[in-house]
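Hi,

Here is the structure I promised to pass on. Please open it alongside this note; what I found follows below.

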Amino acid sequence: MPETNPSSKIVRLPLLIARALVLFPSLSEEIVVGRDFSVAAVEAAQAQTNSLLLIVSQKDQSTETPTAESVFDVGTLARIVSSGTSSEGLRIRVVGSRRAKLENITFEDGSYYAEASIIEDVFDEEDLPLAKKVIDAVTSSRVFAGSVPRSALAQLGKSNHPEDVADLLANYLPFSLEERQQVLSLAKISERLSLILSYLSEAEKSAEIDNKLESKVRESSEKAQKEYLLREKMKAIKQELGEDPSSQHSEDSIRKRLEENPYPEAVKNKVLSELRRYEMMPESSLEASLIMSYIETIMNVPWYQNTEDNEDLENVQKVLDEDHYGLEKVKKRIVEYLAVKKMTGNLKAPILCFYGPPGCGKTSLGRSIARALGRKFFKAALGGISDEAEIRGHRRTYVGSMPGRIIQGMTKAGVNNPVFLLDEIDKVGGQNYRGDPSSALLEVLDPEQNFAFNDNYLEEPYDLSNVLFIATANYLENVPAPLRDRLELIEVPSYTEIEKMKIAHGFLIPKQVKLNGLTEGDITFDDSAIKEIIEHYTMEAGVRQLERLLASIIRKVIVELLKNPDLKRPVLVNEEEVKRHLGVEIFEGTKKEKENQVGVVTGLAYTEFGGDILPIEVTYFQGKGGLVLTGKLGEVMKESATIALDYVRANAVRYGIEPKLFQENDIHIHVPEGAVPKDGPSAGVAMTTALISCLTGTKVDANVAMTGEVTLRGKALAIGGLREKSLAALRSGIKTIIVPEENRKDVSELPQEVKDALKVVYMKCVDDALSVALVSKEA
């Protein structure tokens, strides 16, 4: 039989585990006992322990079979004062006696037992004042005023037992199970009272916040209702005055636009969803203005508007020829696109990239293509963009957000199939903390993806597959490889002197004459004038500076015509007039050597302004076998000089050069115009020829120029920029150019005037160049 000794500090009694019940000492509770182990505990107490038992609450009320870990560690020693049965089960009334610390909970004979140590109340002198304070707080509380009967409060106010005050209030006040259990667990009465006081304070603060929120909600609701009524009255007043209360951006007009126009279903649903949000907000709120701005933006984007292409191929060719001279590859590609589109009835627009030196008409060519096709044109300047949001747009969560340049451009164009020019694509910024703009362009310029382009602001996929994208670039090396792979590259080469003269006569002069208010009968330019401007006042691959100088001369002629109305018309501008109007010649065109010389070879170079000839000088003098390089040469060009010298030293005997000459002398290679940086491997053959000429004392033909990379075995490798280099040779008076055999295929692309005026000799190795360039065949 279990031991029972309530007078001792430690007792072992049956344990009744209750749900959501904390029994305080001196208080009675009626409990309905339903679970078998609980019924067994009650029966054991009545039969064995004089109706004494321990009562504790379980932590989780849903647990059906509790364990020692699932109950609180502090309970109450209680006595069963009555019991009986009801429809709900066994009903008992218990009276709490003392707090008890539970230990060693076991399960025996179908019920729980526990050992418990009695927790004695700890008193101090602060208990009574603190109890009075708690009673006053409950009495004055608006939250708990009805929780405790007034009679109980009055009785507690007269009581000298602060422990009863704490337990009674904890039992009556609507505390949570955990809060009551915490009061039960404390031995010090002052701590129990302080804890109850803190609960009361927190509840008061929470109630105060709730009251404020309710007040604000009520005020906001009343204000919204008032605004709605006032707006309805305003509409009625405007109608009475004969004014139209609806506006372009009103809810009714937006719904009408959606119904009357063939917007995609997803866009209609999006707009209607945003419109419903807008209608629930005060019209003057920031959120409402942002929503209306978004609705206007998404509806102004051209979802269904388009233009019909001009499919008359002859007319397209005519328009292209009117605007630009030459550029046959570009024109042919546009005509091919239209021809296939006309044949198939539907074709995704190509994504073209025009690359070449500045001023060659890449940007204006895009505008000309739009005119030829009968499409709208939009130009987006991408130079210097470093933020991915410039392409994809900003998310709507940011204040001041807007679509990216692609969607903005489409909106300004007003149709979904414009010619869209992405200017200076090679100058887009790289990856940084704001994203990678060039990577954002991948989706735009990929025909397999751009039918569903995602703009962060728009939030709806947009079809760009009908747009004819044209990108322009000066240097393809600056365009990332994944982006370059998506482009159809078309080179726009630098113009020849003859092409520049034809462009000046056919396009630039008529344009400037018209812009400055003259007629064709007022001024004429002869060929010598234009040639003088091209050779001595411009240094460019294109015609921008040429056009500016022609405009300058025309303005000066206008001044003379206004000062002297009797001046004979048309005013003829010749070479002398150009010098008079433009002043001293700025550029002295590089000319070939006038006579054959030892150690001087004419090379060919490719620059950003086109091509130029590059004289290479070699000499040697007494020294210690060193190599001196001057002329601001780059690393690659320095390596070419080293390779050329090593090849000559390795084959010195074959070329009739004393080997000891290299140990006893220093060799100096110089490329004139020392302030201009020079680099690249294509001067290798020219350096080798100059070295052999200098060391053998053999003169080089001044009418011969050459280009090609050299290897240690004397092989000549292919080079680039042959068109520009050959034009430079022709301009400088060269009669023969020597190019690598591998460049034979490129010669067919040279302008006809170059092929007619220059003799082109092909070389596989250095010896092939020597046989043509050196005056003495024996060398």
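Which side chain meets Arg-405 in a salt bridge? Glu-390 does, at 3.0 Å, N to O. By salt bridge I mean a side-chain nitrogen of Lys or Arg within 4 Å of a carboxyl oxygen of Asp or Glu. Arg-405 lies in helix α14 (residues 405-413) and Glu-390 in helix α13 (residues 389-392), so the pair ties together parts 15 residues apart in sequence. Helices (H or I, at least four residues) and strands (E, at least two) are DSSP runs, numbered from the N terminus. Arg-405 is partly exposed at 29% relative accessibility. Glu-390 is partly exposed, also with 29%. The cut-offs: buried is under 20% relative accessible area, exposed is over 50%, and partly exposed is in between (1.4 Å probe, protein chains only).

Before going on, the ground rules. This is a predicted model, in which local features need pLDDT of at least 70, side-chain atom pairs count only at pLDDT 80 or more, and totals for chains, interfaces and linings use all residues. Residues are numbered from 1 along each chain as its sequence is written, and side-chain values use heavy atoms, with hydrogens and water left out.

Now the other salt bridges. The count comes to 36.

Asp-323 and Arg-371 form one of them, at 2.9 Å, N to O. This pair links distant parts of the chain: Asp-323 sits in helix α10 (residues 313-323), Arg-371 in helix α12 (residues 362-373), 48 residues apart. Asp-323 is partly exposed, with a relative accessible area of 27%. For Arg-371 the value is 46%, again partly exposed.

Asp-73 and Lys-101 form another, at 2.9 Å, N to O. Here a loop is tied to a strand: Asp-73 is in the loop between β3 (52-57) and β4 (74-86), and Lys-101 is in strand β5 (residues 89-108), 28 residues apart. Asp-73 has a relative accessible area of 40%, so it counts as partly exposed. Lys-101 is partly exposed too, with 30%.

There is also a network of salt bridges. It links Lys-270, Glu-274, Arg-277, Glu-287, Arg-396 and Glu-459.

Is Leu-21 buried or exposed? Leu-21 counts as buried, because its relative accessibility is 17%. Beyond its neighbours within four places in sequence, Leu-21 is in contact (heavy atoms within 4.5 Å) with Glu-29, Ile-31, Ser-57 and Leu-177. Leu-177 is 156 residues from Leu-21 in sequence, yet 7.4 Å away in space, C-alpha to C-alpha.

Best wishes
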